[in-house]
Amino acid sequence: MFKHAFQSGPSVPIFAPTGTKPCKQWTVAGNVSRSYDKASNGLAIECTGHSAKMSLPKRGGLDLRQRFLCVQLKLDPERQFTLGIGVESKDNVSTRRRLSFSTSFKSRKFSPLTAQVPLDISTVMAETGWVSLCIDLVGICEMAWSGAGGFKSLESIALGAECKLRKIFTLRDDPSTSDDGIPASLDFPLSMDVVPKLLFLSGEDEDEGLEGAGANSFNQPPTPPKKSPSRKAGYLKPPTPNKPAVAFGYRVKGSEDKVTPQKKAVNAPAVKEVKVYRQQQKQQQQQRSRVGFVKEVAEEQEVEEVDLSSLPKEERLGPGGLDPIEVFESLPKALQEAFESREMDQLREALVGMTPEDAKYHMKRCEDSGLWNAA
């Protein structure tokens, strides 16, 4: 699903409750609906009832490779909640394993393919009921399955009742220690004061949201890998100053083999051609990655037209609390026609015809009402 997406940046957005079909890529069962949450001043997906479940994706895998998974949830300490994560390891057969966190588990259980961990949500919840769980996928995989080659990719996410879901995304760096932290476009509003709670950081268990340490506790350090038997001394003799040694078919230069200015001048054209060729290959690869990412995003954001006027005003409010119908009617005619046609070229032409202040003002209102997704 994210195989061709750009994942070298600080974050990768996975889910947000915007658009007419926010759960298009999810498999949904039970009572799952979208509602307005006053505390977060935005929309959220609500799972109610014991049979409510959500799993992503419907087919294939996510193929997300960043280290930290962040899930923004609103939980009830008196209700059951389950979070399932499917990961793929770096072993020779690319085995898929499952991590399960639940408030119903009483003790930790581990097997070659599964790990079950109790989750005490009362220790990580803010006053509003919202919590931002950040899971160190590399650390937990190293401790649960130390001999499996380590974490390779995140393949699936599953949620069980009862909870409210705001956003899901991955981070490249630890949000508690990095300078950037969580990007403002993905984080909670500053007025909520929700601090990310990091679980399983580099193999350290500080009992944040966890309970029931047992014989197989994550407190134990991972088993060190077995060292391969060393070769006998003198098996590969080091090169002498006057006689280069031959190792694995390549000639290792000795001290006498120096590159003279004459050799540099002779080899300069060939070296320049190699550098130009490598640069061209790198640019072509980046272009292919961008094209694949744009196509996938366009497919995921494809939505059907609905009559927003039939929805209550509170349910159709955008992330910034503005009504999309009122904002659309206040836009200039050129912008209205651009949004109706859904053509980026027409939108650019409409914005170029305005002053920078007017263009910034109208696009900010479109973003706050949900008409435009800046991400």
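**Reading helix packing and a buried glutamate**

Biologist: What do the buried residues of α1 pack against?

Modeller: They pack against β4 (68–74), β5 (82–89), β6 (96–102), β7 (109–110), β9 (130–136) and β10 (151–160). Contact means heavy atoms within 4.5 Å. Helices (H or I, at least four residues) and strands (E, at least two) are DSSP runs, numbered from the N terminus.

This is a predicted model: local features need pLDDT of at least 70, side-chain atom pairs count only at pLDDT 80 or more, and totals for chains, interfaces and linings use all residues. Residues are numbered from 1 along each chain as its sequence is written, and side-chain values use heavy atoms, leaving out hydrogens and water.

Biologist: How many of the residues of α1 are buried?

Modeller: Buried means under 20% relative accessible area, exposed over 50%, and partly exposed in between (1.4 Å probe, protein chains only). Helix α1 (residues 137–144) is mostly covered, with 7 of its 8 residues buried. They are L137, V138, G139, I140, C141, M143 and A144. Across the protein, 36% of the 375 residues count as buried.

Biologist: Which side chain reaches the backbone at the start of α1?

Modeller: That of D136: one of its side-chain oxygens comes to within 3.3 Å of the backbone nitrogen of V138.

Biologist: How do I read two packed helices?

Modeller: Two packed helices are described by the angle between their axes and the distance between the axes. Axes are lines fitted to C-alpha atoms, for helices over the stretch in contact, and angles run from 0 to 180 degrees between N-to-C directions. Take α5 (residues 333–341) and α6 (residues 344–352): the angle is about 165 degrees, and the axes are 8 Å apart. That makes α5 roughly antiparallel to α6 (under 35 degrees is roughly parallel, over 145 roughly antiparallel, 65 to 115 roughly perpendicular, the rest oblique).

Biologist: Which residues make the contact?

Modeller: On α5, A334, L335, E337, A338, F339 and S341; on α6, Q346, L347, A350 and L351.

Biologist: Is E162 buried or exposed?

Modeller: E162 has 19% relative accessibility, so it counts as buried. E162 lies in the loop between β10 and β11 (163–171).

Biologist: What does the side chain of E162 reach?

Modeller: Its side chain reaches the backbone nitrogen of G49 at 3.2 Å. The side chains of E162 and R79 are joined by a polar contact of 2.6 Å. A polar contact is a pair of N or O atoms within 3.5 Å; within protein, one must be able to donate a hydrogen and the other to accept it, and residues adjacent in sequence count only if both atoms are side-chain atoms.
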